[in-house]
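Let's take a walk through a protein model together. Keep the 3D view open and follow along as we go.

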Amino acid sequence: MMRTRPLKVALLGCGVVGSEVARIMTTHADDLAARIGAPVELAGVAVRRPSKVREGIDPALVTTDATALVKRGDLDVVVEVIGGIEPARSLITTAFEHGASVVSANKALLAQDGAALHAVADEHGKDLYYEAAVAGAIPLIRPLRESLAGDKINRVMGIVNGTTNFILDKMDSTGAGYQEALDEATALGYAEADPTADVEGFDAAAKAAILAGIAFHSRVRLDDVYREGMTEVTAADFASAKNMGCTIKLLAICERAADGGSVTARVHPAMIPLTHPLASVRGAYNAVFVESDAAGQLMFYGPGAGGAPTASAVLGDLVAVCRNRLAGGTGPGESAYAALPVSPMGDVVTRYHISLDVADKPGVLAQVATVFAEHGVSIDTVRQQGKDGEASLVVVTHRASDASLNGTVEALRNLDTVRGVASIMRVEGE
């Protein structure tokens, strides 16, 4: 039997995502009510520019006083889509204190202060849901913390930023340089005027922190995530990747150590084999590859950003939270019982592709091989090309720790026959 009294929802932010949330709440009102068991009512919308015309939203609901809105005391759910750390953090905390559950898309805040926000939610018996914070429309957080709750997840690896994937895909498919591909992404609206958060990996790192925390039942903050941007990736790197049967992606990788005693979380460009499912993810799409003991290998794929896709994830959370509200309970909160430490990047073991500029003369390869051997790094393949006294030497290693590889590279730089290190890239997915 449907309850006639509506559940009241406040919306913080009415930009690209917020306006789509409001539109879907209005146009799909009957369906949402049937799925929840009660109608939902948009009770207020907090914005910075109240004079802007917002189609489909009653101007009487619009306010610039977000604090007063979340303090009303009669709200059931607050949807936060303003982003950033403050005032979002204070508004979410205030919403909990005044009786509302929260649905958020704020990856930066959750990566930095997720544990504290969960604690406040638990203190007041309220829900904190955030499916839209990672990978847009792709159902990912709920499968990790609910569908796979009985399994042991060992690795989560994925493409979680559409802008960077679009740029790298263009470089791969057309041979364009980084700047040319970035300019096209900007012209098409995939990249912001200031693309730093995307291309330097900050956006992906925040998502990696959230994913690692959920997957490994441990607290992983943004500061725990190793981050390396993709601005130094060149057309030459893609040529080398193709020679190996690979392509290049900016990956977020969260994995459990072999002994199970720690976890790592990192974001960086990497070569992956063309046979790996992530290699075929094109354009601005996202995909996340999950490996677990019982379920095996799973991949989640779809649009990772945009107003409508992100609003879809927000509305899915809204339905879940409203159902919990009617049932008088809450859904799953933070699960950090494992409390696994986060290992430093130096402990991470993977393969490496190293391109060296060397003198084209006898004995160079032997010198280079000796340095690798002295640092305990085993070589898988070597390719050398030379002309007019100069040469390039491409070395692909077997699996080695980041620390040992760094020591190897420093020693290589001290060789008289090594003119420079052209590029170093990790090789993943094997």
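We begin with a sheet and then turn to charged pairs.

This is a predicted model, in which local features need pLDDT of at least 70, side-chain atom pairs count only at pLDDT 80 or more, and totals for chains, interfaces and linings use all residues. Residues are numbered from 1 along each chain as its sequence is written, and side-chain values use heavy atoms, leaving out hydrogens and water.

Look for the open sheet, where six strands follow the order β3-β2-β1-β4-β5-β6 with parallel pairing. Helices (H or I, at least four residues) and strands (E, at least two) are DSSP runs, numbered from the N terminus, and two strands pair if DSSP finds at least two bridges between them. Because β3 (62-63) and β6 (128-129) stand at the edges with a single partner strand each, one side of each has no neighbour in the sheet. Further in, four bridges join β4 (residues 77-80) to β5 (residues 101-104), and Val 77 stands opposite Ser 101 in β5.

Now for the charges. Side chains of opposite charge can pair when their charged atoms come close. A salt bridge here is a side-chain nitrogen of Lys or Arg within 4 Å of a carboxyl oxygen of Asp or Glu, and the whole structure has 23 salt bridges. In one of them, Arg 23 meets Glu 20, with the closest N and O atoms 2.9 Å apart. Both lie in helix α1 (residues 16-27), three residues apart, about one turn of the helix. Elsewhere, Arg 155, Glu 255, Arg 266 and Glu 428 are linked in a network of salt bridges.
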